[in-house]
Amino acid sequence: MAILITYPQDKFNDEMLAGLQKWSPLFLPLKRIEYNQWTKRQYEVIANSDCLVVTSMLAIQALVKSDVSTDKQVAVISHKAAALLRSFKFTNVIVSEVENRESLVKKLDEEFANQGNIVFLKGNLAPDLPLRAKVTNIDAYQNVWTKEDQDRAIKKIGDADFTKVLITSPSAFYRFEAIEELLPSQFMSAKYYTLGMSTQRTMNELGFDAWSPAHPRNVLKQTVLKMTREN
């Protein structure tokens, strides 16, 4: 019995890891990240914006490594992300009421209505933000996956039989599906779990019965508890 988790191990606290340990978890993020170098013109767009939006820790890492002024207003979806930004001297931070994109969109619509000029620092696969204000997208990083990446993932999987699989994004699912088609016998009895409805919906539409947390708070903790309490 084993669990496949398409999420980095450092996302899990000690309590979660202890609960997962008896299932021999394999942490296998199905992505490779390449950071972008912003152009002078992109820096000008950022400087002239009313607010930057970052919805992932990868985008935050790109921001704190950049030459963007720490006085710039930045909107995030979690207090953890806000704390990280403040540790790098970004003091003008907006935090959504609930830790998800929908809550952040609602807060930004209330804050800027139709008047704001927003820059969304995003990964190349992230969906657009449906804001009423003007939004300019700037890719902070590329989420890439090649045949060589897939071959390395298959080598790490080896001959393990998985009874539980955590898929953490639609892009991770599509990459997992390609692997599962090559190794079907190793996932024959697997139960599937997700962190949100978007991934669950994508999987269900393609014939994978996947579970999603009922509440938008602490979704990773909810999912780990679900996975470790089921046979």
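1. Helices H3 (residues 57–64) and H4 (residues 79–87) have axes that come within 11 Å and cross at roughly 10°, and they are therefore roughly parallel to each other, a label given to angles under 35 degrees. Axes here are lines fitted to C-alpha atoms, for helices over the stretch in contact, with angles running from 0 to 180 degrees between N-to-C directions. Helices (H or I, at least four residues) and strands (E, at least two) are DSSP runs, numbered from the N terminus.

2. To the contact between these helices (heavy atoms within 4.5 Å), H3 brings Met57, Ile60, Leu63 and Val64, while H4 brings Lys80, Ala81, Leu84 and Leu85.

3. The model is a predicted one, in which local features need pLDDT of at least 70 and side-chain atom pairs count only at pLDDT 80 or more, whereas totals for chains, interfaces and linings use all residues. Residues are numbered from 1 along each chain as its sequence is written, and side-chain values use heavy atoms, with hydrogens and water left out.

4. Six strands form an open sheet of mixed pairing in the order E3-E8-E7-E4-E5-E6, where pairing requires that DSSP finds at least two bridges between two strands. Strands E3 (32–35) and E6 (93–95) stand at the edges with a single partner strand each, so one side of each is left without a neighbour in the sheet.

Notes
Parallel < 35°, antiparallel > 145°, perpendicular 65-115°, else oblique.
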